Amino acid sequence: MSRPALEVADIFRDHGAAWRRANAGHVSLGQLKVMSAIERCRTAALGGHVARCEKCAHTQISYNSCRNRHCPKCQGAAARKWLAAREADLLPVPYFHVVYTLPAQIADIAYQNKTVIYDLLFKASAETTLTIAADPKHLGARIGFISVLHTWGSALTHHPHVHMVVPGGGLSPDGSRWIACRPRYFLTVEVLSALFRRLLLQMLVAAHDAGRLQFFAEHARLADKAAFKAYLAPLREIDWVVYAKEPFAGPRQVLRYLSRYTHRIAISNRRLVAADHKGVTFKYKDYRIEGPARYKTMTLATDEFIRRFLIHVLPKGFHRIRHYGLLATGARAAKNIAHARELLAVPSRPKEPETPEAAIDEPRVLPRPCPCCGARMIVIETFERGCEPKHRPTPAPAAIRIDTS
């Protein structure tokens with residue numbers, strides 16, 4: 001896979017220092033750490049290793065990744081590792097994709113209260129889905145699902161929403177049988193929307209009463225309880241955006257979808273087009289238009305591009321992928337998944353083979369073969385942060401770029 005001609009790291013390295021000076025006092029420590037991590041990712045600043053082909057002696061240097069969850073270059077490996085663990089939990093049933101979106105008025109105050117309101121978005125959407133699914137008038141089953149938080153629109157605007165991947169069915173209340181959804185139908189969207197609206201508004205009022213919300217600038221007046229309730233009042237009369245897409249065709253499609261969504265960040269390097277005196281140009285999708293015309297380009301001033309990128313930095317320790325119901329962490333593999341597989345008459349999850357003790361003494365082998373001859377690449381040197389390796393690399397073949405992840 002070829003390296004993008006332009007990366008977010010390039011923009012940060014060229015303009016980050018000036019942007020930080022211009023915005024001193026208005027940038028959080030978390031945002032500063034993200035900028036620093038992306039700037040240093042896969043450079044000598046983080047150290048690395050040298051690998052050599054055991055057959056043709058081709059040598060290459062690989063610098064360490066920053067592993068920051070907001071870095072465009074580090075999410076591929078993280079997604080692959082996460083997906084490998086999830087694959088064994090898939091069931092042979094249809095899977096549905098459900099999306100819950102915050103209204104713009106709540107998204108506005110969510111930016112000033114990320115930890116609290118993003119968490120309420122998770123809780124309200126999860127409780128809504130579990131409650132309606134458990135209702136005998138709808139499905140009458142105990143279900144489980146994976147929820148993933150996205151905070152952006154295609155143009156890097158602040159647009160918090162939760163994506164859910166839900167198996168099409170669940171366990172009966174007594175756990176004795178599997179209750180399947182109707183073909184190509186999960187739950188009534190209008191019912192989900194109404195309950196989601198009621199629950200989230202209740203949770204917001206409770207959070208405000210408990211003093212958990214903060215308001216600044218044009219929203220400072222909302223610190224008053226009466227003003228806050230008046231601000232929320234119109235939201236009780238509108239439809240909230242909840243939609244369910246067509247079910248996936250099978251487990252492979254579910255994994256393909258998850259690989260795109262679970263570790264996605266606000267913008268990938270491959271969407272960047274140019275960075276020059278005009279600003280940063282990137283590709284985006286206009287969801288109001290159907291067909292090829294929805295794919296467009298946008299140019300933002302460089303400082304505005306950096307600002308928009310950084311508004312999607314999550315609070316430290318905030319979990320943006322969560323499991324609920326039957327898939328809740330802890331009992332998932334040991335009890336619920338095994339029981340569901342038994343009811344669906346499919347084999348239980350196989351045990352992972354133990355690593356032989358002899359493998360501990362084996363040399364470290366890279367997962368990618370030599371680009372010249374296809375033999376194994378053996379790590380012959382590691383070097384610390386800020387240091388340069390003793391061994392020098394062999395120039396890579398012109399048609400091949402070595403991925404240093």
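**Close-up views of a buried lysine and of aromatic pairs**

**View 1. Lys114, a buried lysine without a salt bridge.** Lys114 is buried yet takes part in no salt bridge, and the nearest side chain of opposite charge, that of Asp108, is 13 Å away. The model shown here and in the other views is a predicted one. Lys114 belongs to helix α5, and its side chain reaches the backbone oxygen of Val313 at 2.7 Å. When neighbours within four places in sequence are left aside, the residues in contact with Lys114 are Asp119, Leu310, Ile311, His312, Val313 and Pro315.

**View 2. Helix α9 and the elements that cover its buried residues.** The buried residues of α9 are Thr302, Phe305, Ile306, Arg308, Phe309 and Leu310, and Leu310 is also one of the residues in contact with Lys114. The cover over the buried residues of α9 includes the helices α1 (8-22), α2 (29-40) and α5, together with the strands β9 (272-276), β10 (279-285) and β11 (295-300).

**View 3. The stacked pair of Phe96 and Phe186.** A search of the whole structure finds 10 aromatic pairs. In the pair formed by Phe96 and Phe186, the ring centres are 5.5 Å apart and the planes meet at 25°, so the pair counts as stacked, the limit for this class being an angle under 30 degrees. Phe96 lies in strand β3 (residues 95-101), whereas Phe186 lies in the loop between β7 (178-180) and α6 (189-209), so the pair ties together parts of the chain that are 90 residues apart in sequence. Both Phe96 and Phe186 are buried.

View 4. Phe122 and Phe318 form a tilted aromatic pair, with 6.2 Å from centre to centre and 35° between the planes. This pair links distant parts of the chain, since Phe122 is in helix α5 (residues 114-134) and Phe318 is in the loop between α9 (302-310) and β12 (321-325), 196 residues apart. Phe122 has a relative accessibility of 0% and therefore counts as buried; Phe318, with a relative accessible area of 6%, is buried as well. Arg322 lies over the face of Phe318, at 4.8 Å from the ring centre.

**View 5. An aromatic cluster of Tyr100, Phe196 and Trp240.** The residues Tyr100, Phe196 and Trp240 together form one aromatic cluster.

Technical notes
Residues are numbered from 1 along each chain as its sequence is written. This is a predicted model: local features need pLDDT of at least 70, side-chain atom pairs count only at pLDDT 80 or more; totals for chains, interfaces and linings use all residues. Side-chain values use heavy atoms; hydrogens and water are left out. Rings of Phe, Tyr and Trp (its six-membered ring) pair if their centres lie within 6.5 Å; planes under 30 degrees apart count as stacked, over 60 as edge-to-face and the rest as tilted. Helices (H or I, at least four residues) and strands (E, at least two) are DSSP runs, numbered from the N terminus. Buried means under 20% relative accessible area, exposed over 50%, partly exposed in between (1.4 Å probe, protein chains only). A charge sits over a ring if NZ of Lys or CZ of Arg is within 6 Å of the ring centre and within 35 degrees of the ring normal. Lys and Arg count as positive and Asp and Glu as negative; His and the chain ends are not counted. A salt bridge is a side-chain nitrogen of Lys or Arg within 4 Å of a carboxyl oxygen of Asp or Glu. A polar contact is a pair of N or O atoms within 3.5 Å; within protein, one must be able to donate a hydrogen and the other to accept it, and residues adjacent in sequence count only if both atoms are side-chain atoms. Contact means heavy atoms within 4.5 Å.
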